[in-house]
Amino acid sequence: AAFDRALLLTPGDVGARWNRSNVLLESGQWERGLDEYEVRIQHRGPPNYPKMPYPMWQGEDLNDKTIFIQAEQGIGDRLLASRFLPILKEKYPTCTILYLCNSQMHAMMWDFRHLVTFLPEGIPWPKADYGLFEMSLIRLLGVTPSTVPPDPGLLLKRARVQSGEGSVLKMTVPALKVGLCWTGNPDQDRNFERSIPLELL
């Protein structure tokens with residue numbers, strides 16, 4: 001209600017629209033919230049959201065077409081949204097998906113290589129029919145809180161390969177294995193907001 005009021009007083013206030021979209025998503029109103037969440041592109045702007053030289057995909061048939069998808073936001077957001085790439089490929093089996101992300105993501109998502117063509121950051125715009133920022137897949141695929149697809153397991157498979165599966169301590173008696181994550185990316189400006197000092201654990 002406060003953000004609705006703010007927008008009545010200052011129509012077009014991008015910050016108020018951005019905050020309202022987050023409130024709507026948090027409250028489970030995904031259809032309206034995801035529509036409003038598109039304001040993030042305007043809110044954050046370049047260089048995070050460059051103007052693409054393609055029409056933005058709005059749900060057109062992608063069979064025999066090429067779509068350029070740019071990863072966005074933090075690594076956690078990219079990993080969460082990655083589950084929608086297999087769905088896109090399943091829906092349009094003859095489409096080509098060009099996926100732009102940093103090299104760290106290439107390594108983590110290597111088992112997606114049969115679904116997407118990885119592109120490194122900093123290259124010229126490739127030839128494509130449509131463009132899209134990754135998080136918009138959720139809206140365009142019509143996902144709701146009750147229809148979020150299960151994780152296809154490709155990231156877990158990659159993690160097992162990289163860790164050597166078997167290198168985790170094997171218990172000789174029935175036991176519960178617990179992993180602790182006390183920090184996010186230390187290079188992230190707001191990492192202190194989502195980290196717990198190790199000594200407190």
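Me: Does E38 count as buried, partly exposed or exposed?

Reply: This is a predicted model. The class follows from the relative accessible area: under 20% is buried, over 50% is exposed, and values in between are partly exposed. E38 has 23% relative accessibility and therefore counts as partly exposed.

Me: With which residue does E38 form a salt bridge, and how far apart are the closest N and O atoms?

Reply: The general idea is that side chains of opposite charge can pair when their charged atoms come close. Here the partner of E38 is R40, and their closest N and O atoms lie 3.1 Å apart. R40 is buried, because its relative accessible area is 1%.

Me: Which residues are linked with E38 and R40 in a network of salt bridges?

Reply: The network joins D35, E72 and R139 to E38 and R40. In the whole structure, the search finds nine salt bridges.

Me: Let us turn to helix faces. Which residues of helix α3 are buried?

Reply: The general idea first: an α-helix has 3.6 residues a turn, so residues three or four places apart point the same way. In helix α3, which spans residues 30-37, the buried residues are G33, L34, E36 and Y37. These residues lie on the same side of α3, because they cover an arc of only 160 degrees around the axis.

Me: What covers the buried residues of α3?

Reply: The cover includes α2 (14-26), α4 (39-44) and α8 (136-140).

Me: Why does E36 count as buried, and which residues does E36 touch?

Reply: E36, which sits in helix α3, counts as buried because its relative accessible area is 11%. Leaving aside residues up to four places away in sequence, E36 touches R17, R20 and S21.

Me: How many helices and strands does the protein have, and in what pattern do they follow along the sequence?

Reply: There are nine helices and four strands. Read along the sequence, their pattern is α-α-α-α-β-α-α-β-α-β-β-α-α.

Me: What do the overall values say about burial, contacts and extent?

Reply: Of the 201 residues, 35% count as buried. Among contacts between residues at least 6 apart in sequence, 67% join residues at least 24 apart. The C-alpha atoms fill a box of roughly 65 × 45 × 35 Å along the principal axes.

Me: How should I read the surface and the charges as a whole?

Reply: The accessible surface is about 12500 Å², and carbon and sulfur atoms account for 56% of that area.

Key. Residues are numbered from 1 along each chain as its sequence is written. This is a predicted model: local features need pLDDT of at least 70, side-chain atom pairs count only at pLDDT 80 or more; totals for chains, interfaces and linings use all residues. Side-chain values use heavy atoms; hydrogens and water are left out. Buried means under 20% relative accessible area, exposed over 50%, partly exposed in between (1.4 Å probe, protein chains only). Helices (H or I, at least four residues) and strands (E, at least two) are DSSP runs, numbered from the N terminus. The arc is that of the directions from the helix axis to the C-beta atoms. Contact means heavy atoms within 4.5 Å. Accessible areas come from the Shrake-Rupley method with a 1.4 Å probe; for residues, only the protein chains shown count as cover. A salt bridge is a side-chain nitrogen of Lys or Arg within 4 Å of a carboxyl oxygen of Asp or Glu.
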